[in-house]
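Open the structure in your viewer and keep the selection tool handy. We will go from stop to stop, with something to select at each one.

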Amino acid sequence: MSERRYALIDCNNFYASCERVFDPRLLGVPVIVLSNNDGCVVARSAEAKALGIKMGVPFFQIEPFCKRNSVRVFSSNYTLYGDMSRRVMRVLASWAPAMEVYSIDEAFLDVSHFEEDQLQHELTSLRARVHMWTGIPVSIGVGRTKTLAKIANDIAKKGAGVAVLTQAQEPHAMTDLPVGDVWGIGRRLTAALEPLDIATASQLRDADTRQLRERFNVVVERTVMELRGVDCMTLTDVTPARKTLMVSRSFGDKVTALADLEAAVSTHSARAAEKLRAGRQIAEHLEVFMHTSPFDRTTRPYTARATVALPHATADTRLIAGTALQLARRLFKPGHRYAKAGILLVGLSDAAKATPTLFASTDDRRSRALMNALDKLNADYGRGAVRFASTKMGKAWRIRVDRRSRSYTTRWDELPVATTEPPRVRTITA
DNA sequence: TCTGGGGTCCTAGGACCC
DNA sequence: TCTGGGGTCCTAGGACCC
């Protein structure tokens, strides 16, 4: 049985390459793509990189430079990039038995079944095929683990476009590689590793894992193991459902009035609920955040963020927006110039599999009425079908009914429960 | 004057329950 | 002044990624 091998396919300068597909005149000239509000540079063609334009640089700082050097500048078009991404992924999926889409412009393929000497040839032709069918240039790196494939991909980018990193070549590839270039080691960790005399990938590979784990966390330990060739991040074939969903924007003009902040929060809420429904999901909690500009040194910084439980899991725009607005009003402090606000939906689940939820109005969890209700539901749906959740929302306790029975019809008012006010009954369906 | 948006995972600490 | 232990859930915050 041959050893496991991963190929990482990474689209070169993805957003800039997408723009080029639709305008060949952009070939060979410097191209950059800007973030929302045309704030920062988020993609650069090779020519733009050669001019020294850095990733993430604020556009206003380089605008005159771009004019002088005839750099073609684009606002981002995420609809286009998403569409191009799907085209690339389709080509890859038709070639590989197992694949994981890692981001909009990257995918891991399992290439364990190839002989090492075939790989170079096979992947070179895959690369040509992706380019021919989609117009997008890609780089391909192969390694024994995902982390090593990432290193191989960097080598591919600087060379022939395809790099197969064999075990024998690993030490050489890691000797002079700055530790910050290793996947999973960011700015903070690089700085924290420096006093431990860990500055290169090979020094990290040879470091004491127990010590690193105590000093940092399991993520760092896993990275070290991956550098040693121990596969810790296996391929996840099915893309897992998203667990959180965020909608946020920087303000074009700084916001000082509550009314403007409320307008933004309700717009973001509506958009978030829309995205939720598009993915057939519902959310349990929401977070609202707002903050002043971290770059503004002239005023006091202010940042506020808080999470609340929604009354029940939902994708309902009005409920989400209403809850978010209440929270936003609580968090808003006058006298600040807000630069950004957003909403984060947390605890997402599949709407089709969602548990119908009944709300009972009672103060007493142990009340006879509720116990009767549980008995009745258990009798109807089988023992254990109903469980009592200990979550208290205001004065209401929540009963959950497992959705084993698709023929769920029981209504609250049919239950032998005495309530002083009409209970709300929610059945969440697909 | 102007500095993105959207995710993941891990950990710590407090609340709460039995 | 002493006054349990263990488990889980929730929230906040910090690191990373593209």
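Start with strand E9 (244-255), which gives the most to the lining of the largest pocket, with six residues. Strands (E, at least two residues) and helices (H or I, at least four) are DSSP runs, numbered from the N terminus. A pocket here is found on a 1 Å grid over the protein atoms alone, as an open set of points where a 1.4 Å probe fits, with protein on both sides within 12 Å along at least five of seven lines; lining residues have an atom within 4 Å of a point.

Before going further, please note that this is a predicted model, in which local features need pLDDT of at least 70 and side-chain atom pairs count only at pLDDT 80 or more, while totals for chains, interfaces and linings use all residues. Residues are numbered from 1 along each chain as its sequence is written, chains are lettered from A and ligands numbered from 1 in the order in which they are written, and side-chain values use heavy atoms, with hydrogens and water left out.

**The largest pocket**

Now select Ser35, Gly39, Cys40, Ser250 and Phe295: among the 25 lining residues, these lie nearest the centre of the pocket. The volume is about 840 Å³, counted as the space filled by probe spheres set on the grid points, which are joined across faces, edges and corners. Colour the lining by type and you will find 10 nonpolar, 11 polar and four charged residues. In this scheme Ala, Val, Leu, Ile, Met, Phe, Trp, Tyr, Cys and Pro are nonpolar, Asp, Glu, Lys and Arg are charged, and the others, Gly among them, are polar.

**The second largest pocket**

Which residues line the second largest pocket? Select Tyr15, Tyr78, Val101, Ser103, Ile104, Thr239, Pro240, Ala241, Arg242, Gly279 and Gln281. Their lining divides into six nonpolar, four polar and one charged, around a volume of about 560 Å³.

**The three-stranded sheet**

Show E2, E3 and E4 next. They form an open sheet in the order E3-E2-E4, with mixed pairing; two strands pair if DSSP finds at least two bridges between them. Strand E3 (41-44) and strand E4 (72-75) stand at the edges with a single partner strand each, so one side of each has no neighbour in the sheet. From one strand to the next, the twist averages 25°. Zoom in on strand E2 (residues 31-34), which runs antiparallel to E3 and is joined to that strand by three bridges. One place to look is Val33, whose bridge partner in E3 is Ala43.

Bring back H3, which lies across E2, E3 and E4 and runs at about 155° to E2. Angles run from 0 to 180 degrees between N-to-C directions, with axes fitted to C-alpha atoms, for helices over the stretch in contact; contact means heavy atoms within 4.5 Å.

**Two loop residues**

Select Asn37, in the loop between E2 and E3. Its phi is near 60°, a positive value in a residue other than glycine. Is Asn37 buried or exposed? Asn37 is exposed, with a relative accessible area of 51%, where exposed means over 50%, buried under 20% and partly exposed in between (1.4 Å probe, protein chains only).

Then jump to Arg280, in the loop between helix H12 (258-278) and strand E10 (281-292). Arg280 also has a positive phi, of about 50°, although it is not a glycine, and it is exposed at 57% relative accessible area.

**The five-stranded sheet**

Finish with the open sheet E5-E6-E1-E7-E8, which has mixed pairing. At its edges are strand E5 (99-103) and strand E8 (162-164), each with a single partner strand, so one side of each is left without a neighbour in the sheet. Neighbouring strands here are turned by 15° against each other on average, direction ignored. Helix H6 (residues 146-158) packs on this sheet, touching E1, E5, strand E6 (106-110), E7 and E8, and its direction makes about 140° with that of E7. Ala7 has Val142 as its bridge partner in E7.
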